[in-house]
Amino acid sequence: MKFKMTINGHHVLVDAGQLEILTDVLAGAEHLTESHVGNNLGSQGYQNAFVPVIKPVTTHEIFVVSPVNQDYIDTVKLTMRINNNLSKNS
């Protein structure tokens with residue numbers, strides 16, 4: 001089974017082993033982000049309402065994963081080959 005990961009708007013297909021490696025790599029990493037503190041109470045962002053913070057990475061905040069059926073992957077690859085062959089014959 002493959003998994004579709006969405007990273008920065010790109011869909012990437014990975015198997016279970018690759019997914020496990022990615023989550024292991026991110027374990028213990030830190031996430032530079034912002035925290036809302038209220039209007040004119042922060043140092044950045046809209047109406048100075050945010051301050052920078054560093055917190056532990058939570059993988060579901062970094063990427064989205066969903067299972068993809070192998071039949072779907074095979075169908076997409078077959079369609080790509082057919083379209084490629086049609087464009088060569090045109």
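Among the elements of the protein, helix 2 (residues 59-62) comes out with the lowest mean pLDDT, 77, while strand 2 (residues 10-15) has the highest, 93. Here pLDDT is the predictor's confidence in each residue, on a scale from 0 to 100; helices (H or I, at least four residues) and strands (E, at least two) are DSSP runs, numbered from the N terminus. For the protein, the mean pLDDT is 89, and 99% of its residues reach 70 or more. Where pLDDT is low, the predicted coordinates should not be read in detail.

This is a predicted model, in which local features need pLDDT of at least 70 and side-chain atom pairs count only at pLDDT 80 or more, while totals for chains, interfaces and linings use all residues. Residues are numbered from 1 along each chain as its sequence is written, and side-chain values use heavy atoms, with hydrogens and water left out.

M5 is buried because its relative accessible area is 0%; buried means under 20% relative accessible area, exposed over 50%, and partly exposed in between (1.4 Å probe, protein chains only). Not counting residues up to four places away in sequence, M5 touches H10, H11, V12, V14, L19, L22, F63, V64 and V65, where contact means heavy atoms within 4.5 Å. P67 is 62 residues from M5 along the chain, yet their C-alpha atoms are separated by 8.9 Å.

Backbone geometry next. Most residues other than glycine have a negative phi, and most peptide bonds are trans. N8 is not a glycine but has a positive phi of about 55°. N8 belongs to the loop between strand 1 (2-7) and strand 2, and it is exposed because its relative accessible area is 75%. N48, another residue other than glycine, also has a positive phi, near 45°. N48 lies in the loop between strand 3 and strand 4, and it counts as partly exposed because its relative accessibility is 36%.

Helix 1 (residues 16-26) is capped at its N-terminal end by D15, with a side-chain oxygen 3.1 Å from the backbone nitrogen of G17. Just after helix 1, G28 takes a positive phi of about 85°. G28 is part of the loop between helix 1 and strand 3, and at 76% relative accessibility it counts as exposed. V57 is 29 residues from G28 in sequence and 7.0 Å from it in space, C-alpha to C-alpha.

Q44 sits in the loop between strand 3 (30-36) and strand 4 (50-56), and counts as partly exposed at 26% relative accessibility. Leaving out residues up to four places away in sequence, Q44 touches E34, A49, F50, V51 and P52. With E34 there is also a polar contact, side chain to side chain, at 3.0 Å. A polar contact is a pair of N or O atoms within 3.5 Å; within protein, one must be able to donate a hydrogen and the other to accept it, and residues adjacent in sequence count only if both atoms are side-chain atoms. The C-alpha atoms of Q44 and V12, 32 residues apart along the chain, are separated by 33 Å.

Back in helix 2, which holds E61, that residue is partly exposed, with a relative accessible area of 41%. Setting aside neighbours within four places in sequence, E61 is in contact with H31 and K55. E61 and H31 are 30 residues apart in sequence and 9.7 Å apart in space, C-alpha to C-alpha.

Finally, the surface. Y72, V76 and M80 form a nonpolar patch there, with about 320 Å² of accessible area together. Patches are made of residues with over 30% relative accessible area and no salt bridge, with like charges joined within 9 Å and nonpolar side chains (Val, Leu, Ile, Met, Phe, Trp, Tyr) within 5 Å. Accessible areas come from the Shrake-Rupley method with a 1.4 Å probe, and for residues only the protein chains shown count as cover; a salt bridge is a side-chain nitrogen of Lys or Arg within 4 Å of a carboxyl oxygen of Asp or Glu. V76 is found in helix 3 (residues 70-89) and counts as partly exposed at 32% relative accessibility.
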